[in-house]
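Here's a quick briefing to read alongside the model. Have the structure open and follow along by topic.

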Amino acid sequence: ILARHSVPTVDRYSAAGLGHAYLDIHWLFQVFLALAHGAAGWVGVQLLTVGIWGSALAFCYRATARWCAPPLAAMLLFLAAMASVERFLPRPEIVTFLMMAVFYERLQAGKASSLRHVTLLGVLQVIWTNTHGLFVLGPFMAGCTLLVAAVERIRGRAADIAGPARLLAVLLGCTVLTPHLWR
């Protein structure tokens, strides 16, 4: 990808699909790994992995600490880390863990309506879309936020529906910002 400045479109990697059309949905993660490896070898790859996981766990802690005392939040974070230990590998799915933590923390904090926050989540959605196949969780989480706001509005409570609706629309639009577009 880095040498040719293009994402592969033909499968050259498997015997069963050799020569067939190939949609590389993890291409951006591969670029990140190649850049980390080029900069510092395998240490760079591990530093990237540790950085992604450290960020994910930090966002988990922030979200948890809003609802309980810091010592309990730290204990819950430890349990989450131990439950995730088998996933501490340089694989595209770690981007999904990070993005789920960021999106959840931002949505929980109510930071999804301003232009700045919608733009940030939109940029993160583009990165997520080009690094791992579970990128659909971003719009799903925004849709859940919109659903909660709609239910609150039906119950007669003041709830912002426009903000979550705008965020959902932006995130859905960002999911096609790939080299493959609609494919």
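Helices here are DSSP runs of H or I with at least four residues, numbered from the N terminus. With that in hand, the chain reads α-α-α-α-α-α along its sequence. Keep in mind that this is a predicted model.

**Overall picture**

- In extent, the C-alpha trace covers about 60 × 40 × 30 Å along its principal axes.
- Of the chain's 183 residues, 36% are buried.
- If you take the contacts between residues at least 6 apart in sequence, 63% of them join residues at least 24 apart.

**Surface and charge**

**The largest nonpolar core**

- This core has 27 residues, and the ones touching the most other members are Phe 103 and Leu 167.
- Helices α1 (27-65), α3 (93-108), α4 (115-129), α5 (137-154) and α6 (162-174) each give two or more residues to the core.
- Helix α3 supplies the largest share, with eight residues.
- Which residues does Phe 103 touch, not counting those up to four places away in sequence? The list is Leu 121, Leu 124, Gln 125, Trp 128, Gly 138, Met 141 and Leu 171.

**Aromatic rings**

- A pair of aromatic rings is described by two things, the distance of the centres and the angle of the planes.
- The structure holds four aromatic pairs.
- One of them is Phe 103 with Trp 128, an edge-to-face pair at 5.2 Å centre to centre with 75° between the planes.
- That pair ties together distant parts of the chain, with Phe 103 in helix α3 and Trp 128 in helix α4, 25 residues apart.
- Phe 103 and Trp 128 are both buried.
- There's also an aromatic cluster made of Trp 53, Phe 88 and Phe 97.

- Val 31 belongs to helix α1.
- Is Val 31 buried or exposed? Its relative accessible area is 9%, so Val 31 counts as buried, given that the cut-off for buried is under 20%.
- Leave out neighbours within four places in sequence, and Val 31 is in contact with Ile 1 and Leu 2.
- Val 31 and Leu 2 are 29 residues apart along the chain, yet their C-alpha atoms are separated by 6.9 Å.

**Two histidines to look at**

- His 5 lies in the segment before α1.
- The backbone of His 5 has a positive phi of about 55°, although the residue is not a glycine.
- With a relative accessible area of 73%, His 5 is exposed, since exposed means over 50%.
- Where is His 132 found? Look in the loop between α4 and α5.
- His 132 counts as buried because its relative accessibility is 12%.
- Setting aside neighbours within four places in sequence, His 132 is in contact with Ile 25, His 26, Pro 92, Glu 93 and Thr 96.

Terms used:
Residues numbered from 1 in each chain as written. Predicted model: local features only at pLDDT ≥ 70, side-chain atom pairs only at ≥ 80, totals over all residues. Heavy atoms only, no water. Buried < 20%, exposed > 50% of the residue type's maximum accessible area, 1.4 Å probe, protein only. Contact = heavy atoms within 4.5 Å. Core = buried A, V, L, I, M, F, W, Y, C linked by side-chain atoms within 4.5 Å. Phe/Tyr/Trp six-rings, centres within 6.5 Å; stacked < 30°, edge-to-face > 60°.
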